[in-house]
Amino acid sequence: MPRMGLADEAEVHGLSAFGDLAYPPDFKHFSYVNPNAPKGGTLSLQIKQAGGNQNFDTFNTLNIFVLRGDGAAGMDLTYDTLMAGSGDEPDALYGLVARAVRISPDELTYRFVLRPEARFHDGSRITAEDVAFSLDTLKTKGHPNYRAILTEVVGAEVEREDVVAIRLSPQRSRDLHLVVASLPVFSRAYWNGRDFEATTLEAPLGSGPYRVGRFEVGRFIEFERVEDYWARDLPVNVGGNNFGRIRYEYFRDRQVAFEAFKSGAFNYHEEYTARIWATGYDFPAVREGRVKREEIPTRSAVPTQGWYFNTRRAQFRDPRVREAIGLAFDFEWTNKNIMYSAYKRLTSFFEASEMKATGMPSPEELALLEPFRTDLPEEVFGEPYVPPVSDGSGSDRALLRRADELLRDAGCKREGRRLLLPDGQPFTIEFLDFQPTLQPHTQPFQENLQRLGIEARSRIVDAAQYRRRMDEFDFDMASMALTGSLTPGDSMRVVYGSEAAKTPGSRNVAGIANPAIDALIERIGRAKTRAELTIACRALDRVLRAGRYWVPMWYKDQTLVAYWDVFSRPDKTPKYGSGAPGTWWYDTTKARRIGVER
């Protein structure tokens with residue numbers, strides 16, 4: 001039970017969306033780590049998830065929290081947060097910079113009590129002023145995603161050097177306190193006189209387990225383990241941060257990157273190309289056992305990967321047009337002929353979870369949807385939309401015939417081999433990307449579109465131009481994998497909310513602006529129980545799927561990893577993740593055996 005403190009505030013050692021915590025106040029470490037893991041060695045890899053201003057192909061700034069520039073991979077390793085997450089729970093946080101949290105009865109004020117030993121890398125103490133400064137800075141000067149999520153944060157008040165009170169609006173969403181507790185803590189003294197919104201190649205002062213080491217813009221960046229890291233013995237860190245050095249390598253071509261891995265240029269690789277996974281691992285180091293590969297099951301949230309329509313463009317405003325375009329993608333043929341039947345088709349925005357809508361709406365879902373009945377397609381109140389299964393020929397005539405009917409119903413007309421939009425202009429689509437990896441999948445799709453009279457082509461641009469065009473919504477269609485969540489909340493606004501649709505740099509790439517969706521996102525954010533959350537997500541899933549905002553791609557419920565045999569790991573993996581490589585450590589005995597110790 002939480003302890004009661006000032007003015008009947010509940011004092012807790014951890015936070016979660018619904019108040020449930022798997023670990024008690026006196027826990028020593030997470031169950032899926034080796035508390036005695038040795039420290040040292042090098043983990044070298046590529047960036048696998050990009051957030052904020054980060055770019056998969058390059059970097060030119062060490063500030064990843066603003067819109068400007070292309071942020072470097074791994075910079076989050078240099079910052080501590082008030083609390084840290086657990087891989088055994090979908091949304092729980094436990095004390096890091098904060099040793100405890102005092103929660104007001106109305107749950108609108110959260111007092112974070114800071115640890116007196118918390119320090120920045122220069123030895124200065126982390127104080128409540130630093131926390132308040134960080135929150136205010138991200139809310140007013142941070143990347144648009146931070147600004148959107150922090151709208152309902154009223155402010156941060158310094159009550160003592162070690163106590164900061166975060167006050168939330170009565171309109172707060174359910175998980176806003178979790179967002180606040182997960183934000184990086186900046187040094188107010190360091191940023192005094194510096195422009196937070198500018199790009200920089202000076203490593204900002206941090207407090208995390210690593211600090212920036214050597215780097216070469218656009219090529220690599222290294223992080224060195226902080227040997228006297230103030231929080232190394234805290235329960236949330238025991239058994240983690242095991243590598244002496246972490247190095248991120250950048251490559252503009254995925255095949256070139258794979259060749260570099262084969263040569264030992266980096267030692268850990270997550271594979272995303274089914275063709276390479278099926279045929280590319282017959283090289284000497286694999287045959288000799290020096291390189292291992294595994295398919296590690298994971299219960300992590302499935303990303304919503306697909307070709308997203310920019311509905312701000314006139315040719316995509318009619319959902320019948322968007323559905324017709326989706327019918328031209330033959331997943332069954334693509335999966336068999338290009339991806340070695342390794343994937344499953346995405347059909348939902350909450351795939352492989354209890355939040356995915358199936359069958360007819362439940363009475364509870366209908367209660368959320370009925371107020372918007374006049375503004376929603378009738379389909380929302382029936383079976384959710386599922387892309388039809390093709391005959392696997394690559395060009396299913398029945399589906400293309402249906403697509404042609406939808407286009408004509410939307411006012412498009414055929415003129416010889418060309419399809420004209422209702423305004424008489426030729427129907428053209430440019431698929432924007434920054435690398436050619438998906439061209440084998442996209443080209444057959446485009447050929448089917450051309451059979452419908454649509455001039456479809458790809459435009460491959462450099463990574464910086466791609467980022468700029470996506471931030472400015474200057475594209476027709478683009479492929480993207482948006483990170484999912486096991487406990488959706490505030491971040492949904494950034495991806496599907498109307499305000500985000502008109503905010504440059506937001507993740508609402510499709511331009512979704514729908515009052516019903518906004519209302520359901522609010523409902524999701526205010527759900528008091530997981531049952532309420534599940535119902536609201538299913539209702540939202542129905543509306544999003546009826547909107548035909550994307551051409552869904554595919555997913556795999558396993559993480560495909562290959563690595564040089566220089567690592568060891570705990571026997572247990574976290575419930576909601578693979579544990580790779582965060583819980584692993586460098587094994588010098590193995591490294592010596594295969595002759596790559598470093």
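**Strands, helices and two loop residues in a predicted model**

Good morning. I begin with E472, which lies in the loop between helix 13 (463-471) and strand 22 (477-482). Helices here are DSSP runs of H or I with at least four residues, strands are runs of E with at least two, and both are numbered from the N terminus. The model is a predicted one, in which local features need pLDDT of at least 70 and side-chain atom pairs count only at pLDDT 80 or more, while totals for chains, interfaces and linings use all residues. Residues are numbered from 1 along each chain as its sequence is written, and side-chain values use heavy atoms, with hydrogens and water left out.

Is E472 buried or exposed? E472 counts as exposed because its relative accessibility is 53%; the cut-offs are under 20% relative accessible area for buried, over 50% for exposed and partly exposed in between, with a 1.4 Å probe and protein chains only. In sequence E472 is 32 residues from P504, yet their C-alpha atoms are 5.4 Å apart in space.

With a relative accessibility of 13%, T127 counts as buried. Its contacts, neighbours within four places in sequence set aside, are L114 and E161, where contact means heavy atoms within 4.5 Å.

I return to strand 22 through its partner, strand 16. Strand 16 (residues 304-309) is largely enclosed by the rest of the structure, because 5 of its 6 residues are buried. Strand 16 pairs with strand 22 in the antiparallel sense over 6 bridges; two strands pair if DSSP finds at least two bridges between them. Within that pairing, G306 stands opposite M480 of strand 22. Strand 16 also pairs with strand 23 (residues 550-552), again antiparallel, over 3 bridges, and there Y308 has W550 as its bridge partner.

Three strands, a set of 3 in the order 14-25-15, form it with antiparallel pairing. Its edge strands, each pairing on one side only, are strand 14 (268-270) and strand 15 (291-297). On average, neighbouring strands of this sheet are turned by 20° against each other, direction ignored. Between strand 14 and strand 25 (residues 558-564) there are 3 bridges in the antiparallel sense, and Y268 stands opposite Y563 in strand 25. Which helix packs on this sheet? Helix 5 (residues 254-262) does, touching strand 14, strand 15 and strand 25, and its direction makes about 50° with that of strand 25. Axes are lines fitted to C-alpha atoms, for helices over the stretch in contact, and angles run from 0 to 180 degrees between N-to-C directions.

Finally, a helix pair. The axes of helix 8 (residues 319-327) and helix 11 (residues 397-409) come within 8 Å and cross at roughly 160°. Helix 8 is therefore roughly antiparallel to helix 11, given that angles under 35 degrees count as roughly parallel, over 145 as roughly antiparallel, 65 to 115 as roughly perpendicular and the rest as oblique. Helix 8 contributes R320, V321, E323, A324 and L327, which meet L399, R402, A403, L406, L407 and D409 in helix 11. The residues of this contact divide into 7 nonpolar, no polar and 4 charged; Ala, Val, Leu, Ile, Met, Phe, Trp, Tyr, Cys and Pro count as nonpolar, Asp, Glu, Lys and Arg as charged, and the others, Gly among them, as polar.

Thank you.
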